[in-house]
Amino acid sequence: MTVLLVLATFLVFIVLDYAINRNKAIALAPVVAPQAVPVTFGGDYVGGFHTPENLSYHTGHSWLLRERKNVVRVGADEFAAALLGKIEKIEVPKPGAWIRQGQKILSFYRDGVKTEMVSPTEGEVMEINSEVLNNPDVLRQDPYGSGWLLSVHVPDEENTGRNLVPKRLLGQWMHDAVERLYATQPALAGAVAADGGRPADDIFAALPDVNWKEITGEFFLTA
């Protein structure tokens, strides 16, 4: 009987010891802090920027959408639109003009300063979007819809397509661009994180000392 009592006592101690140590282990488990800037792969968002996967992209942050054989629609991606912010004027080539891939063809003006963007393709300009030229705010509000800029006839789709961002690398390309932007302007990372991971309409509005032409030119490959 005494032996059973001793064994029972030891069993109680073992159970109590396990419970106490288990609680300590839980309490001491490290807490992993969330990333300051959410970076999302998959879907249509990368680092908070809308990047539709059904479009094709040039590394200078212009996009194109194939409307039909040898005809594409061209615009500026959301990353570019956010960098441009509050612009007062947009200039594009006139219908009938021949544009070359990598050529400076799009001009954007802010406070009297001009920055440029290169063409993602080569061909003849068929149509321009008068709506966005008359109201540049449309570019930021709807860069992939009513904010398109040009319609282009492209005779050689195959060769020009080889110089665009490969589909399999799209997420990584945009992620790298976002990381570069935040590396040069750390204040932007906090602003985006505080806003739920989506960029402000004009991300440089709160950073008056930023050289807008220099930053945009670096990402648009026109610096």
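I first set down the rule I need: a charge sits over a ring if NZ of Lys or CZ of Arg is within 6 Å of the ring centre and within 35 degrees of the ring normal. The model is a predicted one, and in it I found the charged end of Arg73 over the ring of Trp148, 4.2 Å from its centre. I also noted the charged end of Lys89 over the ring of Tyr109, at 4.6 Å from the ring centre.

Next I looked up ring pairs, and the count came to four aromatic pairs. Tyr57 and Trp173 form a tilted pair, with 5.9 Å centre to centre and 45° between the planes; this pair links distant parts of the chain, since Tyr57 is in strand β3 and Trp173 in helix α6, 116 residues apart. Tyr57 counts as buried because its relative accessibility is 1%, and Trp173, at 15%, counts as buried too.

I then turned to Glu78, which lies in helix α2 and is buried, with a relative accessible area of 5%. Among the residues that Glu78 touches, I listed Phe49, His50, Arg140, Tyr144 and Arg198.

Last, I checked the largest pocket, whose volume is about 240 Å³. Its lining has 17 residues, and Ser56, Leu64, Glu157, Gly161 and Leu164 lie nearest its centre. By class, I recorded eight nonpolar, six polar and three charged residues in this lining.

How values were computed
Residues are numbered from 1 along each chain as its sequence is written. This is a predicted model: local features need pLDDT of at least 70, side-chain atom pairs count only at pLDDT 80 or more; totals for chains, interfaces and linings use all residues. Side-chain values use heavy atoms; hydrogens and water are left out. Helices (H or I, at least four residues) and strands (E, at least two) are DSSP runs, numbered from the N terminus. Buried means under 20% relative accessible area, exposed over 50%, partly exposed in between (1.4 Å probe, protein chains only). Contact means heavy atoms within 4.5 Å. On a 1 Å grid over the protein atoms alone, a cavity is a set of points where a 1.4 Å probe fits but cannot get out, and a pocket is an open set with protein on both sides within 12 Å along at least five of seven lines; lining residues have an atom within 4 Å of a point. Grid points are joined across faces, edges and corners, and a volume is the space filled by probe spheres set on the points. Ala, Val, Leu, Ile, Met, Phe, Trp, Tyr, Cys and Pro count as nonpolar, Asp, Glu, Lys and Arg as charged, and the others, Gly among them, as polar. Rings of Phe, Tyr and Trp (its six-membered ring) pair if their centres lie within 6.5 Å; planes under 30 degrees apart count as stacked, over 60 as edge-to-face and the rest as tilted. Lists of a residue's contacts leave out its neighbours within four places in sequence.
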